[in-house]
Amino acid sequence: HKKMIDSLNAISVSKNQLPLLFSFDSEPSLFNGRLQGTKSLMNTIDIRTEKQSDSVATIINNKLLEIGFHQNFAPVVDISPENEAIKDRSFGNDKNKVIELSNQFIKTTQNQGIIATAKHFPGHGLVKGDTHKKSVYIDGELQELNVYPPLIEAGVLSIMMAHITITNNKKYNTNGLPASCSRNIVTDLLKNELGFKGLILTDALNIMKAVTIIDNAPLLASKAGNDMLLMPIDEIETINSILDEMRINPIYKKQVYQSVKKIIRLKIHLGLIQ
């Protein structure tokens, strides 16, 4: 990983480009599998205290900083130890405990200079099914939504959108689209209603069937208000579709520029841009 990052940074410098932002999916439950050769950590579900959350986050941060990563796609803030996709990746099913341990993980991560990412908005814990395999639905009330305001207030810098479709909810219905592709959820709810001004990104766009079955999902996700698109199937096609839309849609063009400015501002705060 470090050799790859050093190589890409060298190319960036040689081409006189803005410094690159490197992100990694390093939850406690996935850490050893993602970075083979590292010591095993306790699963997220086994973290019971703020001290443990702080300790585990510190171990992860030290390794990420050593390699050259700037952003961690963690913590999982879903309320559940039971969901098929989440399993032991959650802090549990007690909302207050999830908020407490997530906030500590986020605080420790960001104090060490790594961007923390709360996921999966608006909640993947109390649903049936796995978005990697099929469309998954929140039927009715957004039961996990109230986890997020305390995290936003405490200063989490990024939030990852779930590919979950919302039905039978007059206010937050996504009309058959995943939440990640719904402007009603990304912009109206997360940005406007909850007041989140940080970086918003999608969950993976290339391996999760709940979104790969949607035509032009990356463009829809961008138009919905996401600032960063995680692993679209065809990056060139995605870039071209965004540029084409920007040419005919000045409001969307302004939105894309705002997303780019957010990313540049993050790089400045991380010290990547002097």
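Q: What makes the pair formed by the backbone oxygen of N72 and a polar atom of the T117 side chain a polar contact?
A: The backbone oxygen of N72 lies 3.0 Å from that side-chain atom of T117. A polar contact is a pair of N or O atoms within 3.5 Å; within protein, one must be able to donate a hydrogen and the other to accept it, and residues adjacent in sequence count only if both atoms are side-chain atoms. The 3.0 Å pair therefore meets the distance limit. T117 also makes a polar contact of 2.6 Å with the side chain of S158.
This is a predicted model, in which local features need pLDDT of at least 70 and side-chain atom pairs count only at pLDDT 80 or more, while totals for chains, interfaces and linings use all residues. Residues are numbered from 1 along each chain as its sequence is written, and side-chain values use heavy atoms, with hydrogens and water left out.

Q: Why is T117 called buried?
A: T117, in strand β3, has 0% relative accessibility. Buried means under 20% relative accessible area, exposed over 50%, and partly exposed in between, with a 1.4 Å probe and protein chains only. T117 therefore counts as buried. Strands are DSSP runs of E with at least two residues, helices are runs of H or I with at least four, and both are numbered from the N terminus.

Q: Which residues is T117 in contact with, leaving aside its neighbours within four places in sequence?
A: They are Q71, N72, F73, A74, P75, S158, I159, M160 and L201. Contact means heavy atoms within 4.5 Å.

Q: Why is L157 called partly exposed?
A: L157 sits in the loop between α5 and β5. Its relative accessible area is 34%, so L157 is partly exposed. Beyond its neighbours within four places in sequence, L157 is in contact with residues including Q110, I115, F196 and L266.

Q: How do you know that S53 is buried?
A: S53 has a relative accessible area of 0%, so it is buried. This residue belongs to helix α3, and its side chain reaches the backbone oxygen of L101 at 2.9 Å.

Q: How is the crossing of α3 and α4 described?
A: Two packed helices are described by the angle between their axes and the distance between the axes. The axes of α3 and α4 come within 8 Å and cross at roughly 35°; axes are lines fitted to C-alpha atoms, for helices over the stretch in contact, and angles run from 0 to 180 degrees between N-to-C directions. The α3 side of the contact includes E50, S53 and A57, and the α4 side includes L101, Q104 and F105.

Q: What makes the length of α4 close to the expected one?
A: The expected span of a helix is 1.5 Å times one less than its number of residues. Helix α4 (residues 95–111) has 17 residues and reaches 24 Å from first to last C-alpha, close to the 24 Å expected.

Q: What makes F121 and I159 stand out in the largest nonpolar core?
A: A nonpolar core is a set of buried Ala, Val, Leu, Ile, Met, Phe, Trp, Tyr and Cys residues joined through side-chain atoms within 4.5 Å. This core has 50 residues, and F121 and I159 touch the most other members. Among the elements that give it two or more residues are α3, α4 and β3.
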